[in-house]
Amino acid sequence: ENTMASENGMSIIGDISSQKFTVIVRGPTYLVSSLKSEDFNLYASAGAIDAPGDYSLEVVASPTNTKNGFEILSVNPSSVKISFDYIDTKEFTVKAVAEGVTAKKGLIAENAVVSGAESDTITISGPRNVLNRIESVVAFTKVDKTLDVSETFDADIKLYGEEEREISLKNLTLSQNMVKVTVPISKKKTV
């Protein structure tokens, strides 16, 4: 907050709240033995960040005002790796894929379509560098079944970039994570 990064619309990418640190202190035994994690505040300043990227920021510890009389010697690890990027929102068209569908003899399995109350578009929010790599969004379901009537299946959203490489959903927010996919079954007749 109140940094060049936040004023330029950048955010921290990922969750660093679970990272653990060890604070090494010196002081009287009765005081040091009673210290808890709540007795410390840990800071990593993002004041110098002015562009997207990965940064290693120094971690500094300070005591809360609840206890005094000890000295903080070090923090381990002494730095934290943080990624900064602009957070964008984009809308993508979803292509339906139902793998392993076959139709009974005399019937035809048509191309799968996104169905139900959902539209065939999805909104994705996340780091700009990830959104710019997305080339296709697929509603994927593995069916492995022979159908004689049209059927609807739950499908997971998958993202693909260059050369059909799958892109992780990590750090992305999707307007919906699952959609319905319908496989229409048609009959062909020559008259």
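Biologist: In this predicted model, is Ser115 buried or exposed?
Modeller: Ser115 sits in strand E8, residues 113–115. Its relative accessible area is 14%, and the cut-off for burial is under 20%. Ser115 is therefore buried.

Biologist: Which side chain does the side chain of Ser115 meet in a polar contact?
Modeller: Leaving aside neighbours within four places in sequence, Ser115 is in contact with Thr152, Lys180, Val181 and Thr182. A polar contact of 2.5 Å joins the side chain of Ser115 to that of one of these residues. The partner is Thr182.

Biologist: How many aromatic pairs does a search of the whole structure find?
Modeller: Rings count as a pair if their centres lie within 6.5 Å. With the whole structure searched, the number of aromatic pairs is 2.

Biologist: What is the geometry of the pair formed by the rings of Phe40 and Phe70?
Modeller: The ring centres of Phe40 and Phe70 are 5.7 Å apart. Planes over 60 degrees apart count as edge-to-face. The planes of Phe40 and Phe70 stand at 70°, so the pair is edge-to-face.

Biologist: How many residues apart are Phe40 and Phe70 in the chain?
Modeller: Phe40 belongs to strand E3, while Phe70 lies in the loop between E4 and E5. Both Phe40 and Phe70 are buried. The pair links distant parts of the chain, and the separation is 30 residues.

Biologist: What is the geometry of the pair formed by the rings of Tyr55 and Phe84?
Modeller: Here the ring centres are 5.9 Å apart. The planes of Tyr55 and Phe84 stand at 75°, so this pair is edge-to-face.

Biologist: Which strands hold Tyr55 and Phe84?
Modeller: Tyr55 has 25% relative accessibility and counts as partly exposed, whereas Phe84, at 6%, counts as buried. The two residues are 29 places apart and link distant parts of the chain. Tyr55 is in strand E4 and Phe84 in strand E6.

Biologist: Which residues lie nearest the centre of the largest pocket?
Modeller: The largest pocket has a volume of about 340 Å³. Helix H1 and strands E1, E3, E4 and E6 each supply at least two residues of its lining. By class, this lining has 14 nonpolar, 5 polar and 1 charged residues. Of the 20 lining residues, those nearest the centre are Ile12, Ile16, Ala44, Ala46 and Ile82.

Biologist: Which strand gives the largest share of the lining of the second largest pocket?
Modeller: The second largest pocket holds about 170 Å³ of space, and Phe21, Val23, Ser37, Phe40, Asn41 and Leu42 line it. These residues divide into 4 nonpolar, 2 polar and no charged. The largest share, 3 residues, comes from E3.

Biologist: Is the peptide bond from Asn76 to Pro77 cis or trans?
Modeller: Pro77 lies in the loop between strand E5 (71–76) and strand E6 (79–103). Omega for the bond from Asn76 to Pro77 is near -5°, and the bond is cis.

Biologist: What is the phi of Glu163?
Modeller: Glu163 lies in the loop between strands E11 and E12. With 66% relative accessibility, it counts as exposed. Glu163 is not a glycine, yet its phi is positive, at about 50°.

Biologist: What is the phi of Asn171?
Modeller: Asn171 is found in the loop between E12 and strand E13 (173–174). Its relative accessibility is 37%, so Asn171 counts as partly exposed. Asn171 is not a glycine either, and its phi is positive, at about 70°.

Methods:
Residues are numbered from 1 along each chain as its sequence is written. This is a predicted model: local features need pLDDT of at least 70, side-chain atom pairs count only at pLDDT 80 or more; totals for chains, interfaces and linings use all residues. Side-chain values use heavy atoms; hydrogens and water are left out. Helices (H or I, at least four residues) and strands (E, at least two) are DSSP runs, numbered from the N terminus. Buried means under 20% relative accessible area, exposed over 50%, partly exposed in between (1.4 Å probe, protein chains only). On a 1 Å grid over the protein atoms alone, a cavity is a set of points where a 1.4 Å probe fits but cannot get out, and a pocket is an open set with protein on both sides within 12 Å along at least five of seven lines; lining residues have an atom within 4 Å of a point. Grid points are joined across faces, edges and corners, and a volume is the space filled by probe spheres set on the points. Ala, Val, Leu, Ile, Met, Phe, Trp, Tyr, Cys and Pro count as nonpolar, Asp, Glu, Lys and Arg as charged, and the others, Gly among them, as polar. A polar contact is a pair of N or O atoms within 3.5 Å; within protein, one must be able to donate a hydrogen and the other to accept it, and residues adjacent in sequence count only if both atoms are side-chain atoms. Contact means heavy atoms within 4.5 Å. Rings of Phe, Tyr and Trp (its six-membered ring) pair if their centres lie within 6.5 Å; planes under 30 degrees apart count as stacked, over 60 as edge-to-face and the rest as tilted.
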